[in-house]
Amino acid sequence: MCADDMRAAAALAVPFLIRIAADTRHPHRAGALAEVSSPARARHFGVASRDELLLHRGDTQHSGLSHGYDDYGVEVTGYPAGWSVSAARAAITADTALLQTLLHDPDSAIRINAAYALGTATDHEHAVRAAFRTRLAAEPDPIVRAALVLATAEATRSHPHPPTIAWIRERWEDRTQAPEVRLAAAIGWLCLTDDPAPDDLRATIDDLATEERAHAMEALPWMAIAGGSRETRLRRCVRKMLHPEQPDPADCDDPWCPHH
């Protein structure tokens with residue numbers, strides 16, 4: 001809740017939340033980890049387009065008053081929210097080693113949210129993405145594997161790396177991969193390129209994005225920000241990315257509509 005309007009306060013909590021999550025005896029470690037990256041991301045409901053889903057808006061690392069206000073808006077304090085976003089990402093980056101250990105946690109929800117948090121870290125040296133790929137090789141859960149692919153795509157959106165973009169494309173083209181992984185890779189690739197969606201990608205999504213699988217992928221926190229009430233979040237992402245000209249279903253983004 002604080003991350004919506006008072007990011008500066010929330011950013012200060014990030015190192016403590018990470019340590020709560022790392023404490024295997026703490027009863028609220030999963031909840032703490034789920035909130036670690038909240039102040040490090042834009043808080044926009046219904047973001048599901050190629051341009052916005054994995055976007056880290058602007059370079060806030062060296063923001064100052066002379067640079068004006070950024071796309072993150074303004075906190076209740078009157079300061080640009082991007083300053084606090086930058087601080088939260090810096091805190092996550094400082095604790096990447098601790099968060100990387102959680103990629104191997106016995107709890108799949110912990111592994112997913114560790115990947116989600118690490119996706120916001122500064123990763124110029126590709127060390128975080130290397131950790132994702134190392135875990136991917138050993139990860140048995142297809143939903144967690146999908147999370148690792150989306151986290152890799154998000155990190156690459158912030159720090160472009162053509163070989164990683166090609167690797168992500170190979171994931172959705174590879175029929176030996178789990179369907180959830182191929183769908184996550186397809187979404188990630190669409191967010192990383194401006195190229196028109198090729199016919200084989202569209203066919204892959206049409207074939208794999210079943211209603212049952214779409215509901216299973218609701219466990220991915222990237223899907224939570226996509227919004228929607230009359231369609232699954234995966235289907236909303238697919239529609240926004242492949243058919244941006246189509247209007248939203250009636251009441252799709254209205255939080256007060258009777259379908260919520």
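Predicted model: local features only at pLDDT ≥ 70, side-chain atom pairs only at ≥ 80, totals over all residues.
Which residues does Arg135 touch, not counting residues up to four places away in sequence?

View 1. Residues are numbered from 1 along each chain as its sequence is written, and side-chain values use heavy atoms, with hydrogens and water left out. Helices (H or I, at least four residues) and strands (E, at least two) are DSSP runs numbered from the N terminus. Of the 260 residues of the protein chain, 49% count as buried, where buried means under 20% relative accessible area, exposed over 50% and partly exposed in between, with a 1.4 Å probe and protein chains only. Contact means heavy atoms within 4.5 Å, and among contacts between residues at least 6 apart in sequence, 63% join residues at least 24 apart.

**View 2. Arg135 in helix α7 (residues 127–138).** With a relative accessibility of 11%, Arg135 counts as buried. Leaving aside residues up to four places away in sequence, Arg135 touches Leu103, His104, Arg111, Pro140 and Leu148.

**View 3. The packing of α7 against α8.** The axes of these two helices come within 10 Å and cross at roughly 165 degrees; axes are lines fitted to C-alpha atoms, for helices over the stretch in contact, and angles run from 0 to 180 degrees between N-to-C directions. Helices α7 and α8 are therefore roughly antiparallel to each other, on a scale where angles under 35 degrees count as roughly parallel, over 145 as roughly antiparallel, 65 to 115 as roughly perpendicular and the rest as oblique. The contact is made by Arg129, Phe132, Arg135 and Leu136 of α7, together with Arg145, Leu148, Val149, Ala151, Thr152, Ala155 and Thr156 of α8.

**View 4. The packing of α8 (residues 142–158) against α9.** Here the axes lie 10 Å apart and the helices pack at an angle of about 150 degrees, which makes α8 roughly antiparallel to α9. On the α8 side, Thr152, Ala153 and Thr156 meet Thr164, Ile165, Trp167 and Ile168 in α9.

**View 5. The two faces of helix α11 (residues 199–208).** Leu201, Thr204, Ile205 and Leu208 are buried in this helix. They cover an arc of only 95 degrees around the axis, which puts them on the same side of α11; the arc is that of the directions from the helix axis to the C-beta atoms. The face turned away from this buried side carries the exposed residues Asp199, Asp206 and Asp207. The buried residues of α11 pack against α9 (162–173), α10, α12 (211–216) and α14 (233–242).

**View 6. The packing of α10 against α11.** These helices pack at an angle of about 140 degrees, with their axes 10 Å apart, and α10 and α11 are therefore oblique to each other. The contact is made by Pro179, Arg182, Leu183, Ala186, Trp189 and Leu190 of α10 and by Leu201, Thr204, Ile205 and Leu208 of α11.

**View 7. The largest nonpolar core, with 67 residues.** A nonpolar core is a set of buried Ala, Val, Leu, Ile, Met, Phe, Trp, Tyr and Cys residues joined through side-chain atoms within 4.5 Å. In the largest one, Leu201, Leu220, Trp222 and Leu234 touch the most other members, and the largest share of this core, ten residues, comes from helix α10 (residues 179–192). Not counting residues up to four places away in sequence, Leu234 touches Leu183, Ile187, Ala209, Ala214, Met217, Glu218 and Met223.

**View 8. Gly73 in the loop between α3 (29–35) and α4 (81–94).** At 25% relative accessibility, Gly73 counts as partly exposed. Apart from residues up to four places away in sequence, Gly73 touches Tyr79, Pro80 and Ala81. The C-alpha atoms of Gly73 and Ala42, which are 31 residues apart along the chain, are separated by 9.2 Å.
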